[in-house]
Amino acid sequence: LMGITRRGLPETMPAAPNLFKSDLAQKCLGDDYKYEGKVEAKSALPQGVAIKGTVTRAEKDGKVAAVVELKKSLHKVEIVGKIDHVGAASVSAEHASLSPGFTVKLEAGLSGKSAKLTADLKRELLTASSSFDPFKKLIAANGSLSYRSVSVGLSSSYCYADGKQKGFAAPEGAVQYGGGHYQVSANVRKWGDEMSLRYHHSFSKDVSLGVSLDQRTSGDKNKETNLEFAVGTEIKIDPTSTIKAKLSNEGVISAVYSQKIKPNATVKISGTVDTSRLTRNNAHKIGIALLMDL
């Protein structure tokens, strides 16, 4: 395996399970659990331009950030421009009509210091993605194959920059099986130093349960193995409201309540309590988000 390092996949490299048609456990265990302040508003301007403005208050340091996004389709190409509160601007162009299921996207920062080219292919049995970042000198690729209820995915990347990061990243493999009301998936990273297992069960169209088990091994000589466990549920109370809750093995309890207060407005209230350190700072967190489509 010459030239292949044991480093983890770069942040720009999506994990193979993300390419599967669905990752239902993520809905119970990962999505919406954010403890920041957020206001998001969408609207439509003349000439077919869509505008979205987002203001967030960071969970860790309380800093306020804002982003304005403009989107327009021009000759089958979707063009998106963004600018944030510090003046950093970027533009992207995405073409999804070259071939059925094939999408090409080019992103670039107007400062001239960032750019990325991505190509995605999504078919009934095959999903593949590749990206090229000339500034990070990174080439990444991943893909998955599906047959009946089974999907298998693989991802890796190659960095041609000088230094320790040069070479191939350790590949990540994943497998997923869906059978009726349940779905189970597993993936392996860093040559087995990191492994995860996900299970999702739908009791009805309104009630579901998700379970995750993660194992991480660290250290070269004296290896230490850490296990992380979480269980979560999603309950649809009525057509306009949903509640999610999860509990981790570290004693962290989290919950998210989502309410559609108007046809074009949704409020999300999230909170978490660390029962292992109730008297310490940041043991409790609360987040509120208002999403509007004007």
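Strands β6 (residues 102–109) and β7 (residues 115–122) run antiparallel and are joined by seven bridges. Strands here are DSSP runs of E with at least two residues, numbered from the N terminus, and two strands pair if DSSP finds at least two bridges between them. The model is predicted, so local features need pLDDT of at least 70 and side-chain atom pairs pLDDT 80 or more, while totals for chains, interfaces and linings use all residues. Residues are numbered from 1 along each chain as its sequence is written, and side-chain values use heavy atoms, without hydrogens and water.

β7 also runs antiparallel to β8 (residues 126–133). The table sets out both pairings.

| Strands | Bridges | Residues between strands | Opposite residues |
|---|---|---|---|
| β6 and β7 | seven bridges | five residues | Glu107 and Lys116 |

Elsewhere, a nonpolar surface patch consists of Phe203, Val207, Ile235, Ile237, Ile243, Tyr257, Ile269, Ile286 and Ile288, with about 810 Å² of accessible area together. Areas come from the Shrake-Rupley method with a 1.4 Å probe, with only the protein chains shown as cover. β16 (224–238) and β20 (284–293) each supply at least two of the patch residues. Ile269 lies in β19 (residues 265–274). Ile269 counts as partly exposed because its relative accessibility is 42%, between the limits for buried (under 20%) and exposed (over 50%).

Definitions and conventions:
Helix = DSSP H or I, 4+ residues; strand = E, 2+ residues; numbered from the N terminus. Patch = residues over 30% accessible without salt bridge, like charges linked within 9 Å, V, L, I, M, F, W, Y side chains within 5 Å. Salt bridge = Lys/Arg side-chain N within 4 Å of Asp/Glu carboxyl O. Buried < 20%, exposed > 50% of the residue type's maximum accessible area, 1.4 Å probe, protein only.
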